[in-house]
Amino acid sequence: MTITEQFTQIVERQKEKELLPFLKTLDSKQKKELTPLIKKLDKYYSAYEEKGSLMGSYSRRGKPEQMQILNIASFVCFNLKDFERTWAWSIFNREVIGEILTWYCPSWLTEYAIKHAEGGFIRSLFDYRWYMELVEKGYVMETDRLTVLALQDFIFFEQSGKNRQYRYVPEALLERDVTLKEHIWLFFKVESGIHNIEEYKQFSDDSKPERWINTFKLYVSQGRIDRSRLLNDSLVAAMGGYNQSLSNWFLKLFVAFEPTKTELQNFTGELLNILNSANSKPVNIALNYLKELAAEPEFPIDAFLEHAPLVLTSETKSAVTSALMILEKLAKVYPDRGEEICIAACQAFIHQDEKIQVRVAKMLQKYGDGASTGISDNLAIYKDNLLLEAKTMLKGFSEQTDNAEVASEEQETLTTSSLTLEPITYPENFDDFVFLASQAFDQNETYHFDMLPAAILKFQDEMTEANIAKLLPAFQRAYKMVTSDWRSGMGYLDDMLAKFFMDYGQLLVKFYPKEGRKLKEMRDSFEKMEAEKKAKSDWYKIKISGIKPWDVFTRSPGYKPHKHILLNAIFMLERKLKLPMLSTPTHEPCYVSSLVLVQRLIMYQEARVTPGDMDFEVAIARCIKMDIEDTLHLANERLKGERRHLISFIFGGEYSPMDSNKSKPAWLVAAMVHNSGTIDKRWFGYSKLTEQYLRAEFTWKSGKQEYFYDKWDHELRKNIKTKGYRSRVEIDFGQKEKQLSGIKKIFAKIMPGQEDIEPSVYDYTQLKFEYITAEHNDIKRLLTINPADRELLLAHIVNKCLKDPDFSGENDKRLIIYTLETLLAFAAPHRDIAHLLIATCMISNDKTVRTYAAELWIQGVSINSINSETIGKIIGTHERAELAPLKRFTDLVLASMYQISAKHNEHLAVMLGACILNMDVPVNNTKKLLDIYAEVLAVNKKNEKPDYELVAKLRDWRKLTEALDKSILKINQLLGVGNAS
Amino acid sequence: MSDTITYQYAAPSALKHSPSADELFLAKYSEIQKGTSPCFFWGKLTDPYTVARCLLTLSKVVQSSFSLSPFEMAMLKDPIVTAGNEKIRFEGFSHCAGVYARVDVLGDGHDGEFLENGTTNVDFNQPMLSALSAVRRNENVLLSIGQKEVALHKDGGKVTERKVPLPVKWIKGLTSVQMFLAESEKVHSFNRLQALQLFKTIPTGKPKTDYYLITRGGKPTFSPVKSSDAITVGGVHRLKLIEPLLSIADELRVFSHNNMQSTTWQIYIGAVRFSLSLSRDAWRGFSGEGAGLEALIEDVPDSWVEQVDNYSYANQEFNPTMMAINEDIDIKNVTNLTGRLSAIGLLGYDLDENGFFYRRLPFKLSRIMSLNPRLKDAEKLLQEGKVTIVQKTADKVEAQVEGTGVKHTVILSGDKEQCTCTWFSKNQGERGICKHILAVKKLLAN
């Protein structure tokens, strides 16, 4: 019988007793020969198969005895690589492996043990006791890492039984001398899990948690572990670059020994070194000890002063405070080094925190020399950072603080009167068009959507075979995009544009069958691929279609204006009309120069073509008054009839709605967008929508909304409906369409069509979705349809994505960020809903969103397009409803809105005042808000007439809470009102 | 694509304590050992605390990864050190090949002998790093790169071996980052306070959007909003790697790539300089950016490369014009030469000195030459005859290059290079030219 037959029989017949004698006889060649068979049998017996009559009941094919035989054979025959792939570690026990090792020890055993231990499974191999025996017998090589991993578990004895509870057995460490003598110290040199090894373990005895620390204490008290070495090594290990929890544990160990002052003095160097740590916990502990030592004569003052910057600039307030306390102590002990210490302390002025600054200022007053140039030079560095209180206290230190406001005047570089408009480069030749077409679906620029149809119209006569060939890569991209899976970053408008381009491809094939042959082949191949996909699955929906049937699955009307414009382009291409689109932007991001609009209208007039309704409306919405004289001159000279009047109306000409007007929606858009503040209400008759809806004059409210959610109850083991509260900003859209009177309704029923009013771009301004899918990738382009009158869309945006200022998803946040980004590019002043959006964003939970909102405010103040009072009022109202933590706003003000320029500071004061006035009772962080307000008032130094309503509110607040007393007194002082309560 | 490097160190690096002075012994290993001396540098560090802090920060960089899984992060790749010309430079790269760091210990930063010039890998192990973190100011610390006395350190022939995956992108990043540096300009210089204030404005977490370094109210700040003079910093959270050094910094200089494709943050602490270069985005490594492609279009004879390799010494300033004159190379090929040499790992770039310096990466040339798949693809296009020049005039070249299912149009006109492929359409040349443009340019050049 061959060895393979022999082994197969042992496994099949479960002859466990015959296994070891058989394996002992094998030489290395035979082991190698057996290896494939073991693998094969292992695969066979490890497989799961359905057992019994119960459906879904699976168990292993092999019996436990058979698996054991295979595992043992693997250990004896396999090399490391093969053995690692098995689950044979279950045979690692004294009975099985212990016996085998007496006659066979694989050369890879140590390497296997290390790898297994690194994976966190050392206990499945051996415990420390057995490990040491294996080492002593020479089976396993001793390594530091294996030793600590084995040892870390050794003081816990796992009891058998159902609950697998543990007993604390520190005495186990006494079994071998080497354990306490050498191995225990390896914990300080090699990374281990000693800090969390007892987590999730249940103990049956009454031993107290932190058992390893207790063990160290026990043996130190018995004199078995050297206390001073332990203290030293734990401090060194705390800075050893291990993970944060382990480093902190070493420090905890140090603290647990309550080192005496004398001991601490020996470790001053190590404690100072801990100040380099990036974690706050060790730094705080070290500072607390250093505080104890600071007054001692041996304290290394120079070394501490060198380390001081590390902690004084720390983000952890308690660390800064502790460091300052040490400096104070040092200043007291070493009066001759007062200046040096004060200069070091100045570094804490980097924190715009009143308590810290006042502490340093007090120290400077006490230990600093007012005439010292060293101190005043250092103060000068921080002058822009100094808060009012500290500034006042430091008046004695020469001129540094008085210059603060001069500095802020200098900073006024931002104030520009308006945004500059960058012209958009148009494709000049066919090659430019080719490169535009190939990137049109990449959203490199928002206006590429408009540029593509415009360029096609422009170059439609140049479609030679060679030129069509140049466009093939772009067509291929369009087909690939439409037929492939949806990719991130893609919007529905990209799909729409691709389908429009594919439609144009079809037109090319129709007009130029010979030249467009390759294009047809491309279409055919994509159609074939789609058909194959459909053949494979009935569920598959063929994606190749055209622009005409295009719609988004939500049926959102918001995409209609873009679709209408593309349909308009296809209409002209079908008729080979060589006219430009009216709405193609001429200036970034989406504006159409008034002069160009007139030129385009003249072309339509001369070609006797009526512009497309939507194209015309959008062109008027995007129209920006440029080259006014030339525009008017050209319009008056060349344009005729209604279009001339419309242009004149845009420029302020007085017109009234007339029944004879053919482009009523265009007139409506002109009236809405290009009015000088007031709109003749008769224009609203051109829309089915109510005036309030058209003008987006909506009311809103914010607050906490009650809702119920499912919460798992561990005791009842079921979901329980639980009440919760969530932040909500809700806009009341009111009545959208005008109500018809009874007679009119009857009339409309009898004679349908008589009273039909054409829908305008406003009817399509909407965001419609239950869950956001790809709308965020379209929002920039949706906003550019009507850039000047964006309130209605913004209201829908707030309603859909900013209902919760903490955002319900990443895509909502993206949509808001893209909205804010687009708003920054628009020059027209913000109206009420934009203010609601910006103010709400200022207290949202996302820093990027908040910073964008702050930037919009900065820009708005610079170009006079924002009302700071309104922003303040909204934030105050939100805070009244406890919509979001006030801290977000105060942090934002300090980080991004304060000290931008004198003008901005003035506006900031107005905003903060309005915010305070609209708050109800003080909420968390109101003190900070008041302190910032005081800072801003002080910097502004304007003796404005105080707002008595505000003064009264602050007086009420003083009665409510004493904590605000100081801050309110300061504000009153700055406002020049008395402090009588 | 990943290769494996087996570092073989004669002994592990360690900070050895002795009563007179501690010795920071850095074990070295190079696949392409040049020279005979086992020791590059032996001498005193003037400011050991700063060097220790910088090396610890460097170790943080080489251990960091901003786009890889924790599993891939487990393998620490050792930094590279170049000693010579009175400078010691340590270089390292993050696993994701998007963050490059260099510590330059300049002339005043050390007081010792350069026994041999050269570049080598140095062993960075945990016990050595732990010991390094305990180095204090005013300590006496000797630095030894390699073993000065071989006999003394000989450890019974026991060699410390460490097998680490060495992804192609890692070496490629090391080579191409030099070209990004060469195209960078200083834009800001901040004192310690300004630098600390600026770093306070780094948002928490890992922001997905780009951040911009702008000046607001006279103060530098990071903002997600772009303004006209802003510097683009993608993956701004990566900057936190150098935050611990700011509190001891004298100055922070910010250099920006001319196309905003990278930023370099150089911290000056006495005679020690720490530079951190960030790729355009956290998910983009320097490796895939095609920076050196243009320089590789024209073949540079191997003899020139040999010349440089044979006659230059480590950290020596590389003067391409002098080389051109000495070797009688056409001066117009000089730019190609520096590009070529840095692409094959022979040059590093010093922003302060505004020039390349010689240092030969301690990796087999075969590893380095296997880089630049885009160039290989372009060569394949040429070999398969897929490039046709349609029109060639003095100021314009139009070509057709076969792609998958379509022929791409490539137009080179003045400074403008365009292609209809997806890569170009998406990136508009920001991430290096595409294989189609590369193939056309290569065809025209040869």
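Strand β24 (residues 407-413) of chain B and strand β25 (residues 416-419) of chain B pair in the antiparallel sense over 4 bridges, where two strands count as paired if DSSP finds at least two bridges between them. The two strands form a hairpin with 2 residues between them, and G414(B) in the turn has a positive phi of about 60°. Helices (H or I, at least four residues) and strands (E, at least two) are DSSP runs, numbered from the N terminus.

This is a predicted model, in which local features need pLDDT of at least 70 and side-chain atom pairs count only at pLDDT 80 or more, while totals for chains, interfaces and linings use all residues. Residues are numbered from 1 along each chain as its sequence is written, and chains are lettered from A and ligands numbered from 1 in the order in which they are written.

**Confidence in chain A**
- Within chain A, confidence is lowest in helix α23 (residues 404-410), with a mean of 43, and highest in helix α40 (residues 832-842), at 97.
- Over residues 400-417 of chain A the pLDDT is below 50, and this stretch has 45 contacts in the model beyond near neighbours in sequence, a contact being two residues whose C-beta atoms, placed from the backbone, lie within 7 Å.

**Where chain A touches chain B**
- The contact between the chains takes 45 residues from chain A and 38 residues from chain B.
- Several elements of chain A give two or more residues to the side that touches chain B, including α15 (268-274), α17 (301-312), α23 and α24 (430-439), but the largest share, 7 residues, comes from α26(A).
- By class, this side of chain A has 20 nonpolar, 16 polar and 9 charged residues, where Ala, Val, Leu, Ile, Met, Phe, Trp, Tyr, Cys and Pro count as nonpolar, Asp, Glu, Lys and Arg as charged, and the others, Gly among them, as polar.

**One residue in helix α26 of chain A**
- K470(A) is found in helix α26 of chain A, and K470(A) is buried, with 25 other C-beta atoms within 10 Å.
- A residue is called buried if 20 or more other C-beta atoms lie within 10 Å of its own, exposed if 12 or fewer, and partly exposed in between, with C-beta atoms placed from the backbone.
- Not counting residues up to four places away in sequence, K470(A) touches V434(A) and T409(B).
- K470(A) and F430(A) are 40 residues apart in sequence, while their C-alpha atoms are 9.3 Å apart in space.

**Helix α45 of chain A**
- Helix α45 (residues 926-940) of chain A has 15 residues and reaches 21 Å from its first C-alpha to its last, close to the 21 Å expected at 1.5 Å a residue, the expected span being 1.5 Å times one less than the number of residues.
- Because 12 of the 15 residues of α45(A) are buried, this helix is largely enclosed by the rest of the structure.
- Just after α45(A), K941(A) takes a positive phi of about 50°.

**Chain B and its domains**
- Chain B has 14 helices and 25 strands, and buried residues make up 52% of its 446 residues.
- Chain B is divided into domain 1 (2-175), domain 2 (185-285), domain 3 (294-369) and domain 4 (373-445), with bounds that come from an automatic or database domain assignment.
- The contact between domain 1 and domain 3 of chain B takes 19 residues from domain 1 and 16 residues from domain 3.

**Strand β7 of chain B**
- Strand β7 (87-93) of chain B is among the elements that give two or more residues to the side of domain 1 that touches domain 3.
- Since 7 of the 7 residues of β7(B) are buried, the strand is largely enclosed by the rest of the structure.
- On one side of β7(B), K87(B), R89(B), E91(B) and F93(B) are buried, and on the other I88(B), F90(B) and G92(B) are buried.
- β6(B) and β7(B) run antiparallel and are joined by 5 bridges, with R89(B) as the bridge partner of T82(B).
- β7(B) also pairs in the antiparallel sense with strand β8 (residues 99-105) of chain B, over 6 bridges, and here the bridge partner of R89(B) is D104(B).

Methods
pLDDT is the predictor's confidence in each residue, from 0 to 100.
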